[in-house]
Amino acid sequence: MTPQQINTFFATLQAANPHPVTELEYTSVFELLAAVLLSAQATDVGVNKATRRLFPVANTPQAILALGQDGLEGYIKTIGLYRSKARHLMETCRILVEQHGGQVPRTREALEALPGVGRKTANVVLNVAFGEPTMAVDTHIFRVSNRTGLAPGKTPLAVELQLLRRVPEPYRVDSHHWLILHGRYICQARKPLCWQCAVARCCDFQPKTAAPR
Ligand code: SF4
């Protein structure tokens, strides 16, 4: 994709959805961190289902710790890998209380030091909670970036660094939401819905998928 095409690509996605938001439900930075931590290899819909029961009961590090491992597992056992996620979340809560006054830290270094929080989770929290222009490269962003020619790369980190170089500054904060939603609903893994794609004219992918007859 040329710089001109990249500009048109994001201008088009922005016009269709000026204020994109994450589909994970949260009402505080801590809830966001917990929801993202629980969402690894799970759908946002599945995580929301569990956190709708968990957060009204416990939505602070102290309250999660008070539930205990077994109590927490009871709320999240519909989510894949719930045992290890519960362990990570408990340990993360302990560190937040002991080292950060019960608050979610704002730096990548401190976030990535939390159990169960990798680069992608830190990028989501930095972007969604703190408005930083980070790129949390998930499976959708990785696929769309490579398939369209927007930011090709062999690893999520390579794609992330390419996106940071190639996405024009005005679109940088919101771009990861647009790319996730575009990948989830239009540029789908098995068969991209090119015939109904608003950015088809600036995408390198060939041949485009034809409309079903
Ligand atoms: S034209 Fe097809 S491959 Fe390109 S972004 Fe749209 S859906 Fe994806």
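Helix H10 gives the most to the lining of the largest pocket, with six residues, helices here being DSSP runs of H or I with at least four residues, numbered from the N terminus. The model is predicted, so local features need pLDDT of at least 70 and side-chain atom pairs pLDDT 80 or more, while totals for chains, interfaces and linings use all residues. Residues are numbered from 1 along each chain as its sequence is written, and side-chain values use heavy atoms, without hydrogens or water.

The largest pocket has a volume of about 480 Å³; a pocket is an open set of points on a 1 Å grid over the protein atoms alone where a 1.4 Å probe fits, with protein on both sides within 12 Å along at least five of seven lines, and lining residues have an atom within 4 Å of a point. Of its 25 lining residues, Ser39, Asp44, Asp138, Ile180 and Arg184 are the closest to the centre.

H10 (residues 172-185) also packs against H1 (residues 3-16), at an angle of about 80° and with the axes 10 Å apart, the axes being lines fitted to C-alpha atoms over the stretch in contact and the angles running from 0 to 180 degrees between N-to-C directions. The two helices are therefore roughly perpendicular to each other, a term that covers 65 to 115 degrees. Phe9, Phe10, Leu13 and Gln14 in H1 meet Ser175, Trp178, Leu179 and His182 in H10, where contact means heavy atoms within 4.5 Å.

H1 and H10 are also the elements that give two or more residues to the lining of the second largest pocket, which has a volume of about 180 Å³. Among its lining residues are Leu13, Trp178 and His182.

Methods. Angles under 35 degrees count as roughly parallel, over 145 as roughly antiparallel, 65 to 115 as roughly perpendicular and the rest as oblique. Grid points are joined across faces, edges and corners, and a volume is the space filled by probe spheres set on the points.
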